[in-house]
Amino acid sequence: MKNILITACTMLLMVSCKHGQPDDQSIKISKELINTLKDIKLDGHAIINNINSPNVKLKSIDIGDCKWTEGFWAEKWKQAEEVMIPYMGTLLKGDIGHGYNNFKIAAGLKKGVHKGHWWHDGDFYKWMEACTYLYGVNKDQEIINDLDEIIAVIAKAQQPDGYLSTPIIINGNLKPFQNRKHHELYNSGHLLTAACIHHRVTGKINFLEIAIKHADMLYKLFHPKPEHLKRFGFNQTQIMGLVELYRTTRDERYLELAELFINMRGQSEIDENKSTRGYPVGDMVQERVPLRKETEAVGHAVLALYYYAGAADVYAETGERALIDALDRLWDNVVNRKMYLTGALGQSHYGRSSRKDKIEEGFINEYMMPNLTAYNETCANICNSMFNHRMLGIHGEAKYADIMELVLYNSALSGISLEGKHYYYSNPLRKIKGALDYSKMNTEFPQRQPYLKCFCCPPNLVRTILKSPAWAYSKSENGISVNLYGGNVLETTLLDGTELRLKQETDYPWDGQVNITIEACKEKPFEVLLRIPDWATNTTIKVNNENIEGVGEGSFLIMERRWKAGDVISIDMPMAIKFIEGHHRIEEIRNQVAIKRGPIVYCLESPDLPENSKITDAYISVKNTLKPAYKPDLLGGVVAIEGELMIRKDELSKMYNEITKLEMTPYKTQLIPYYAWSNRGESEMSVFMPVIWD
Ligand SMILES: [Zn+2]
């Protein structure tokens, strides 16, 4: 069904696509909208639909092409289907989460006041997007029926001019776009993205119609660049959303508008005025320096990474050198100077940028990496992987997929409990009992919470778990790249339209042995790109038992040959247990080490310490012999790291204490994967431990 131009009439009668059923709903569509819809090409059904993007080396596979079949991600995916999505639906459609109620009230179908934060609509859209990914694989018609009902309510809530943000619609005293803290464009971004995904997966246009009406309103409002709206495009999910809408409709106005939201940043005097009151200005919202001139990641980490991800989408279409140069610089700054070992971003809840602007939930100085007070919002970590997924497409280099993997296994999954119903907003690398006064904090908690008032992270994480099979592979010019490892089947078409079917069998991330069997492919030669992770030293690869030369970690191994059904690629990535220390400029972890095995970062948690010991009492010797041990009954089944720690006994009660002879007792215990901490009651935890060099 590639390159099919659908006319408005046929679209109204029957919208069909690879993943959807005919849509016989009669939908009232304005003349203007018909003109837009008639040019829609159902070309590609990917999350980032870059099939026609001229500046992308690795193109996305379609939603549903890859399915997790066994092992780690298959279990997480199933849990998202059976627990996370239904539970979150109960929250968001009930009286706890407000998401659906707000739309019903705005639509005049229910009485009441708006509840929740300004950006709550956006979080509801994220849940809808996640439901759509679920349908893309399991084809459960009930999901679509449920979404249709919700979409009808959203359509009713939408204003005649296309405006759609329930806090403003419900509150009669507020007008649209008065104050940017109202997060209207954040809601817009998630609306546009969710609607595009819904269209790609189902072929339906009921949600897309709302998105187009809304984007047209934004274009009319923002395209003349009125002075009073120049500083509005912050928390810029709308850039990603507009590019996807451009990719869906091929209407260039949406790409133009996406670019405009980049170009407007850094063009105004940074002052406080009526439209900015109530939210920090300057570096906090990346408005002090134009993106193309920026050299440092600053401000709110979620805002920054959504901004970079959106700019990467724009570059994918325009190919502007200055834009990708800036993104390369910022990637390097983020990954090599401001990122935690877990792939997490945003070192501090409160602080200053290097240009002295007040910032919240974001970046502070390079190499300044506190553990206990690390903020690391789950969303920021996920945004890091979203940005890296886009950079992987653009540059086609394995280092971006390394970061995607690092985030997925560590600082993304740490945001949700093992049973799938309790959340963390911030993801510190250490917790010490009594060190923080949680009663004074709004997003940090002593334990995981069944609901977060600021609910941006949970649906973001669930949609990411459901997106993950679509991140596992990409299409190269003449072949396929294997980005992520995990038991799965892939059934896709290569860029030349030929079919490719393969299966991956592995117990990754607990074991580094992966077997990929080609099940069907074209006769002509094509390439298979295998990501050899940056940690995977001494990896060996065989094809049908024949050794392959030239394997190096941190890159794609490109194997071009005449493949045939039955060919088996065997990858053996030795999962050595590694002691990791930080750059000498990271003061917070001087003389401390963390333990990493494969892509998994480990931590020590207090249930694994002797009674009456503190997490800060534990030291680790680099001469220690650590051993991996698979424990099916521990934390849902994990490989723990067993070994001996040294526990010191003295009390450092004063601020500074004279060193006396240390009394240390050896203690045999285990380290657990960081993502699985805080599932055994309230605990202390640390990723980094003071080291005994011996
Ligand atoms: Zn969040």
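Is Tyr409 buried or exposed? Tyr409 is buried, with a relative accessible area of 2% (buried means under 20%, exposed over 50%, partly exposed in between, using a 1.4 Å probe and protein chains only).

This is a predicted model, where local features need pLDDT of at least 70, side-chain atom pairs count only at pLDDT 80 or more, and totals for chains, interfaces and linings use all residues. Residues are numbered from 1 along each chain as its sequence is written, and side-chain values use heavy atoms, with hydrogens and water left out.

**View 1. Tyr409 and its neighbours.** Tyr409 sits in helix α15 (helices are DSSP runs of H or I, at least four residues, and strands are runs of E, at least two, numbered from the N terminus). Among the residues it touches are Phe72, Tyr485 and Pro599 (contact means heavy atoms within 4.5 Å). Val601 is 192 residues away from Tyr409 along the chain, yet their C-alpha atoms are 8.3 Å apart.

**View 2. The largest pocket.** Its volume is about 740 Å³ (a pocket is an open set of points on a 1 Å grid over the protein atoms alone, where a 1.4 Å probe fits, with protein on both sides within 12 Å along at least five of seven lines; lining residues have an atom within 4 Å of a point; grid points are joined across faces, edges and corners, and the volume is the space filled by probe spheres set on them). Of its 32 lining residues, Val335, Met339, Tyr340, Leu341 and Leu406 lie nearest the centre.

**View 3. The second largest pocket.** This one holds about 520 Å³. Helix α12 gives the largest share of the lining, three residues.

Note on methods: Lists of a residue's contacts leave out its neighbours within four places in sequence.
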